[in-house]
Amino acid sequence: MLSGSSETVAFARKLRRTMSPPEVMLWGRLRRRPYGFKFRRQHPAGRYVADFFCAEASLAVEVDGIGHDMADRPERDAVRDGFFAQEGVAVLRISAREVLRSLDATVDLIVGEAVKRCPLHRASPGPP
């Protein structure tokens, strides 16, 4: 599983306390282990922090606000996505607006991507 340095871990802890409203909404659903997939929030990965991470599916989910379309963010995001790809992790980018507009559809999209990456996964009846 991906991990980060002590500085990245400390930064991830700070980010957990300051999540954006769309991230909070999405975490409320992902923490329930949809279809049996366990997600972590603000997961340290190398020098980066993934908004959400499912180790079983090797899937990072990034909730992108308007800032990801400005200045050099698209290029920085591409470098970050390249790092994850080298580690065998797929990145699913979802706009914050989409999370706010349709939380159910967003969760379905994320679970669908996880299922595609883990075709032999069987849904569990709930948390242990």
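How many residues does helix H5 have, and how far does H5 reach from its first C-alpha to its last? I find 15 residues (103-117) and a reach of 21 Å, close to the 21 Å expected at 1.5 Å a residue. The expected span is 1.5 Å times one less than the number of residues. Helices here are DSSP runs (H or I, at least four residues), strands likewise (E, at least two), numbered from the N terminus.

Some ground rules: this is a predicted model, where local features need pLDDT of at least 70 and side-chain atom pairs count only at pLDDT 80 or more, while totals for chains, interfaces and linings use all residues. Residues are numbered from 1 along each chain as its sequence is written, and side-chain values use heavy atoms, with hydrogens and water left out.

Next, burial (buried is under 20% relative accessible area, exposed over 50%, partly exposed in between; 1.4 Å probe, protein chains only). In H5 I get Leu103, Thr106, Val107, Ile110, Val111 and Ala114 as buried. They line one face of the helix, because seen down the axis they fall within an arc of 130 degrees (the arc of directions from the helix axis to the C-beta atoms). On the other side of H5, I note Asp108 and Lys116 as exposed.

Then I checked H3 (residues 73-86). Asp77, Arg80, Phe83 and Phe84 are its buried residues. Their arc is only 115 degrees around the axis, so they sit on the same side of H3. Val79, Ala85 and Gln86 are exposed on the face turned away.
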